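Student: Could you walk me through this model, beginning with the packing and then moving on to the backbone?

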Amino acid sequence: MKRYAPFIIVILVAAVTVGSGAFLYRAKVAANPPLKIPKATGEKPGESAHVLGPPNAAVTLEEFGDFQCPPCGKLSEPINQLQKQYNLRVIYRQFPLPMHAHAKEAACAAEAAGRQGRFWPMHDLLYREQPAWSNSRDARTIFNAYAGMLQLDLDRFKKDMDSSEVQEQVELDQKRGALIGVRTTPTIFLNNQSVPPEQLKPENFATAVEAAVKSAKPSS
Amino acid sequence: MKKNQKAGSTRQRSRWEIIFYSGAALIALVGLGEATYLTVISLSGETAVCGNSADCFKVLGSSYAKVGGIPVASLGALAYFIVFTFATFAAFDYGRVRKFFTWTVLAMFAVTLWLLFVQAFRLHAFCQYCLFSAALVFLLTGLVVARPSTAQSNSNL
């Protein structure tokens, strides 16, 4: 029996390693669905607002967001799902809050990616990986790595991130938000109606969108 | 009388060898767990974070973290598993595997030195997971070097 013991131990360890690895992998993939990076998102480089969905959609969702704000991150995936489910028109505007150290840099990274037609993949990546970069001392390195992951022209991305045009674009969105009374993030409008803060929780937000879709249908 | 002394020393040697190889198997098991975790992180596309530093991302997201599309962490897991296997068999008195154990650990030590060089001089960033793994390999190498001479002479069996 002693002769067979090492075989049994090694086989057991191999089985436990493969099993726990597979379990962990499934859990990780379920928690972070792989990014879908469309080749063309209908976004034109340099366009001021970032729009997803048809222009004649029954409901337009306009978000003022901050990439470093955790509630915005929690809403990102539900908004993506609702956009597909109800064919919403989603507009994203930058509203980086001064209290978040890397928020403006992240907004610039998204704008710089947008200049190469990849705003939405960068938007999804920044929100998905928010815990990884928001506490980092060197977020810029991470953003450059994201640009590489999205197969952007890295030199152009770095140049665009520092360009005055990109900075101005972010400030323009901020000014627009401030003008209409945006103070915090996320601030979301459904057909120009502001969504109350209690409905901005991921579990309540779908109900708010459903109500907007229902009230939009009779008139359309 | 001489026979009894010889038998006693063999028993003692055998006990030391069991402790030595069991310790090595345990260290390899810890390394296997860590390397498996890093493999999963790499395959699932998640970003590994080391506290507040971006260094893990820099190292694990670099071109050095994959060889021919295969994550280096998975090769590490395989190496730790091989070391674990050899150490387990050696602890159960399978004398022939001892020299394979030694060579595998020495090969891992060489690869670890290369990876440390890459982190220090090419990437200018250190990943804590990699440093922990390097510490385990150093420990295994230390065990091999400091192994009692009786066990070494037995490895020729």
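Tutor: Let me begin with a term: a nonpolar core is a set of buried Ala, Val, Leu, Ile, Met, Phe, Trp, Tyr and Cys residues joined through C-beta atoms within 7 Å. A residue is buried if 20 or more other C-beta atoms lie within 10 Å of its own, exposed if 12 or fewer, and partly exposed in between, with C-beta atoms placed from the backbone. Please keep in mind that this is a predicted model, in which local features need pLDDT of at least 70 and side-chain atom pairs count only at pLDDT 80 or more, while totals for chains, interfaces and linings use all residues. Residues are numbered from 1 along each chain as its sequence is written, and chains are lettered from A and ligands numbered from 1 in the order in which they are written.

Student: OK, so which residues touch the most other members of the largest nonpolar core?

Tutor: Those are A109(A), A110(A) and A113(A), in a core of 46 residues. Helix α3 of chain A, residues 103-114, supplies the largest share of this core, with 8 residues. Helices here are DSSP runs of H or I with at least four residues, strands are runs of E with at least two, and both are numbered from the N terminus.

Student: What is A109(A) in contact with, beyond its sequence neighbours?

Tutor: Once neighbours within four places in sequence are left aside, A109(A) is in contact with M122(A), L126(A), F143(A) and M161(A), where contact means that the C-beta atoms of two residues, placed from the backbone, lie within 7 Å. There is also a second, separate core of 41 residues, which includes V83(B), A87(B), F101(B) and V105(B).

Student: Back to α3(A): how many of its residues are buried?

Tutor: The count is 11 of 12, so α3(A) is largely enclosed by the rest of the structure. Among the buried ones are K104(A), C108(A) and E111(A) as well as several alanines, including A106(A) and A107(A). The buried residues of α3(A) pack against β1 (50-52), β3, α4 (119-128), α6, α7 and α8 of chain A.

Student: And at what angle do α3(A) and α8(A) pack?

Tutor: The angle is about 115°, and the axes are 9 Å apart; axes are lines fitted to C-alpha atoms, for helices over the stretch in contact, and angles run from 0 to 180 degrees between N-to-C directions. The two helices, α3(A) and α8(A), are therefore roughly perpendicular to each other, given that angles under 35 degrees count as roughly parallel, over 145 as roughly antiparallel, 65 to 115 as roughly perpendicular and the rest as oblique. On the α3(A) side the contact is made by K104(A), A107(A), C108(A), E111(A) and A112(A), and on the α8(A) side by V166(A), Q167(A), Q169(A) and V170(A).

Student: What about α6(A) and α7(A)?

Tutor: For α6(A) and α7(A) the packing angle is about 135° and the axes are 10 Å apart, so these helices are oblique to each other. Their contact involves N144(A), A147(A) and G148(A) of α6(A), together with L154(A), F157(A) and K158(A) of α7(A).

Student: Changing topic to the backbone, which peptide bond is cis?

Tutor: The bond from T185(A) to P186(A) is cis, with omega near -5°, and P186(A) sits in the loop between α8 (164-179) and β4 (187-190) of chain A. As background, most residues other than glycine have a negative phi, and most peptide bonds are trans.

Student: Where is N87(A), and what is its phi?

Tutor: N87(A) is in the loop between α2 (70-86) and β3 (89-94) of chain A, and its phi is positive, about 50°, although it is not a glycine. N87(A) is partly exposed, having 14 other C-beta atoms within 10 Å.

Student: And Q151(A), is that buried or exposed?

Tutor: Q151(A) is exposed, with 11 other C-beta atoms within 10 Å. Q151(A) has a positive phi of about 60° without being a glycine, and its place is the loop between α6 (139-149) and α7 (154-162) of chain A.
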